[in-house]
Amino acid sequence: MAETVRVRPLADADWDAVVTLERDAYTGLGLSEGRAALQSRAAASPDTCFVVDVGPRTAGYLLALPYPPRSYPDLTRTEHTGPTALPAERWGNLHLHDIVVAPGLRRRGLARHLLHHLTGTARARGDERISLVAVGGTDRFWSARGFVAQPGVVPAGAYGGRAVYMSKPVPAHPSPPVTLREVS
């Protein structure tokens, strides 16, 4: 029997699951940021951070935040969200900082579902581009999803030696709905 899949806003009760997913995905690459940094990124833009549930289980998450084009978060610092933070609305760029799906649920369309939701959110916000830093050799994965490497933008060493800054335009019209493989 297939379980219900839904994308919803990230909630306070999700942090233990998010931190565990992030740690398991990035510790081997030396890129795990820890709870405080992750929470600061979500606090910078709570309306652009989501989880995907499969039945009652948190199966993955996505953290995105407005960021100047050709820039990216410093993995060694938390985000500044106080009154001196730069006005994000003028950038027109939504930076996909992190996306993780639980290992046992990968290759079932859950990441595509999160990306589709993010793209709709970016379009509704009026963003013109979505950017990301591909780590650990994932640039081919992101290229297949329309992201293009941006020459001259070299992520800091904290992202690892194979990091590539990439971006793509936000399409003017919604793409067709995401087809999910059955999750059981």
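Author: Residues are numbered from 1 along each chain as its sequence is written. In this predicted model, local features need pLDDT of at least 70 and side-chain atom pairs count only at pLDDT 80 or more, while totals for chains, interfaces and linings use all residues, and side-chain values use heavy atoms, without hydrogens and water.

Reader: Why is strand 1 said to stand at an edge?

Author: Seven strands form an open sheet in the order 1-2-3-4-5-7-6, with mixed pairing. Strands are DSSP runs (E, at least two residues; helices are H or I, at least four), numbered from the N terminus. Strand 1 (5–9) and strand 6 (148–149) each have a single partner strand, so one side of each lacks a neighbour in the sheet.

Reader: How do you know that strand 3 and strand 4 pair?

Author: Pairing requires at least two bridges found by DSSP. Seven bridges join strand 3 (residues 57–66) to strand 4 (residues 93–101), so the two strands pair, and they run antiparallel. Gly60, for instance, has Val101 as its bridge partner in strand 4.

Reader: What describes the packing of helix 1 and helix 2?

Author: Two packed helices are described by the angle between their axes and the distance between the axes. Axes are lines fitted to C-alpha atoms, for helices over the stretch in contact (heavy atoms within 4.5 Å), and angles run from 0 to 180 degrees between N-to-C directions. Here the axes of helix 1 (residues 15–26) and helix 2 come within 10 Å and cross at roughly 115°. Helix 1 contributes Trp15, Asp16, Val19 and Glu22 to the contact, and helix 2 contributes Arg35, Leu38, Gln39 and Ala42.
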